[in-house]
Amino acid sequence: QVQLVESGGGLVQAGGSLDLSCAASGSTVRVYTMGWYRQAPGQQRELVAQITRGLVRDYQDSVKGRFTISRDDVLHIAYLRMNSLKPEDTALYYCTMDVQAVGHEGYVTYWGQGTQVTVSS
């Protein structure tokens, strides 16, 4: 069984920074794509950033130049560095990982429980 645990959310003023992290625990052989999504109240969940095992990064246009996604493939951790935060970045942030577990050939996409980011104006 694989679990993702996020940390690092909180309240910050506009223009500030936050670092999110997401650690995979359990019988993890290999992690492929890692990603961060967010969902604001009354809105659909949207992709914020993702990074492949080959370190190809993709960002939502609204966060380009402000957010940076990175990963640690030894510890199976995803990071999201968020700079120049805006009130419209306020949302519940979820991490995802495509995980190959012990005894399996393919991968399964797992989700974290979410961490709240609130940016005050």
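With which side chain does the side chain of R38 make a polar contact at 3.4 Å? The partner is the side chain of S62, a polar contact being a pair of N or O atoms within 3.5 Å, where within protein one atom must be able to donate a hydrogen and the other to accept it, and where residues adjacent in sequence count only if both atoms are side-chain atoms. The model is a predicted one, in which local features need pLDDT of at least 70 and side-chain atom pairs count only at pLDDT 80 or more, while totals for chains, interfaces and linings use all residues. Residues are numbered from 1 along each chain as its sequence is written, and side-chain values use heavy atoms, with hydrogens and water left out.

E46, for its part, counts as partly exposed at 30% relative accessibility.

A further salt bridge joins R38 to D89, with the closest N and O atoms 3.0 Å apart. Because D89 lies in the loop between β8 and β9 while R38 belongs to strand β4, this pair ties together parts that are 51 residues apart in sequence. Both D89 and R38 are buried, and salt bridges that share partners join R38, E46, R66 and D89 into one network.

The side chain of Q60 makes a polar contact of 3.3 Å with the side chain of E46. When neighbours within four places in sequence are left aside, Q60 is in contact (heavy atoms within 4.5 Å) with R38, E46, L47 and V48.

The count of salt bridges comes to 7, and one of them lies between the side chains of D19 and R81, at 2.7 Å from N to O. D19 is in strand β3 and R81 in strand β8, so that this bridge, too, links distant parts of the chain, 62 residues apart. D19 is partly exposed, with a relative accessible area of 44%, and R81 is likewise partly exposed, at 35%.

The strands that hold this pair are themselves partners: β3 and β8 run antiparallel and are joined by 6 bridges, two strands being taken to pair if DSSP finds at least two bridges between them. Within this pairing L20 stands opposite L80 in β8. Strand β8 also pairs with β7 in the antiparallel sense, over 6 bridges, and here S70 stands opposite Y79 in β8. The hairpin of β7 and β8 has 4 residues between the strands, and in this hairpin H76 takes a positive phi near 60°.

In soluble globular proteins, nonpolar side chains tend to be buried together. A nonpolar core is here a set of buried Ala, Val, Leu, Ile, Met, Phe, Trp, Tyr and Cys residues joined through side-chain atoms within 4.5 Å. The largest such core has 30 residues, of which W36, L80, M82, Y93 and M97 touch the most other members. Among the elements that give two or more residues to this core are β1 (2–7), β4 (28–39), β8 (77–82) and β11 (115–120), whereas the largest share, 6 residues, comes from β9. M82, not counting residues up to four places away in sequence, touches G16, S17, L18, D19, L20, R66, F67, Y93 and V117.

A covalent link remains to be described. A search of the whole structure finds 1 disulfide, defined as a pair of cysteine sulfur atoms within 2.5 Å. The disulfide is formed by C22 and C95, whose sulfur atoms are 1.9 Å apart. This pair links distant parts of the chain, with C22 in strand β3 (residues 18–26) and C95 in strand β9 (residues 91–101), 73 residues apart. Both C22 and C95 are buried.

Definitions and conventions. Buried < 20%, exposed > 50% of the residue type's maximum accessible area, 1.4 Å probe, protein only. Salt bridge = Lys/Arg side-chain N within 4 Å of Asp/Glu carboxyl O.
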